[in-house]
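Reader: Please take a close look at a single part of this model and describe its surroundings in a connected account.

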Amino acid sequence: MKKHVYIIAEAGVNHNANIDTAYKMIDAAKASGADAVKFQTAVPELVISKFAQMADYQIKNIGQQMTQLEMAKAIHLPITDYKKLSQYCDHLGITFLSTAFDLVSLDYLMQLGLEIFKIPSGEITNLPYLKVIGAYRKKIILSTGMATLNEVKAALDVLVNSGANINDITILHANTEYPTPMCDVNLNAMVAMGQTLGVNYGYSDHTLGIEVDIAAVAMGASVIEKHFTLDKAMQGPDHVASLSPKELTEMVKCIRNIEQALGTHVKSPSPSEEKNIANARKSLVAKQDIKAGDVFSDENLCVKRPGNGISPMNWETVIGTKATRDYQEDELI
C-alpha cells in the first residue's frame, strides 16, 4: 500500500510579525499541496532571558546584532493572533500547527484544539515542558536537532511516562544550523534512530533545496518539515534557508511521486509493463524448416522474439523431442 508522507510547510516566524503575511503564507501552503502549515507561538519574555545572545547564523542571516529577546519580540505575533490563523486554516482545509516555546503558549494551543503538538529541538531537555505535552495524550512530533540518542530516549521516556502513547510519537531527525551543510545532514542517523528506539521517524530539513527531503522519504521518513517564505530577501533569521512557494510546491510534487515510486516489497511485472512481455522477451523458434518427426536440436532451433511462445527456459526440455508437425523457418515452436 502506498505510504502517505505527512508534509508540514513550516511558516515559523517568516511572517515577520505581520498577520497579513501569515495569511498569505497559509494560502501558499494550501496551494502547494502540503498537509499542514506550522507557525511558532511564544511569549518572548517567557522563553528568553534578557542576557541570551543570538546564534551565529541568526546574526549572519539578519545582518545585525541584538539580543535574542529583542529579535524574538520583533518577529513574533501576539499570541491571540493564532486563533485567527487557526480559523483561517480551517476555512481553507489545511491543518493548523504551531510549535509552542513556553507553557503559556502550550496551554493556549491546547485550548485551540490542536491534535498534534510539535516539540522543537531546543525543548528536548525541558522536563517540565515535556511532562505537560505528554499529559495532553495527543499526537506528538519531536525534533531532535543537537541531541544525542540518549537525550532523545530520555525525552521519549518522559513523554510516555507522562501519558503519551509511543505509537503517537514521531521523531524528526534535524540539524539546527540554518542552512545546514550537506556534510552534517547524516540521514543514516534518522533511520538508525527510528529503528533503535522503535518509533516513527521523519526529517525536519534546514538545507538549501529539496533533494535531502526527497532522499529522506526514499529512506522511510513518514513526516517532512520544511521552512518556506514568501520572499527570501526579507529580513529575518530563517528566510535564507527557506523555500519559495514555487519550490515548496515542487517539493510536495516530488515527494508524492516518490511515494508512488516506492511501491511494495513484491517483485512482479507492473500493470504498465505486462503488455511489453511478448515484445521484449523471446521464444523457441525454428532456425530452419522443420518436418514433422524431425528431432529438435541445437541445429534446427534458436531463440528469437516475440515472447509469446515456448520460453527459452524450457530449451533443455524441448531438445531431443520430435516435432509433431511441419514448421517454417522463424515460426514459433
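Author: The account below turns to Asn14 and its setting. This is a predicted model, in which local features need pLDDT of at least 70 and side-chain atom pairs count only at pLDDT 80 or more, while totals for chains, interfaces and linings use all residues. Residues are numbered from 1 along each chain as its sequence is written, and side-chain values use heavy atoms, with hydrogens and water left out.

Asn14 lies in the loop that runs between strand 1 (6–12) and helix 1 (19–32); helices (H or I, at least four residues) and strands (E, at least two) are DSSP runs, numbered from the N terminus. Asn14 counts as buried because its relative accessibility is 1%, where buried means under 20% relative accessible area, exposed over 50%, and partly exposed in between (1.4 Å probe, protein chains only).

The side chain of Asn14 takes part in a polar contact of 3.0 Å with the side chain of Ser242. Such a contact is a pair of N or O atoms within 3.5 Å; within protein, one must be able to donate a hydrogen and the other to accept it, and residues adjacent in sequence count only if both atoms are side-chain atoms. The Asn14 side chain also reaches the backbone oxygen of Phe228, at 2.9 Å.

Beyond its neighbours within four places in sequence, Asn14 is in contact (heavy atoms within 4.5 Å) with Thr21, Met25, His227, Phe228, Thr229, Met234, Asp238, His239 and Ser242.

As for the wider chain, the domain assignment, which is automatic or from a database, gives domain 1 (6–262) and domain 2 (274–332). The C-alpha centres of domain 1 and domain 2 are 63 Å apart.
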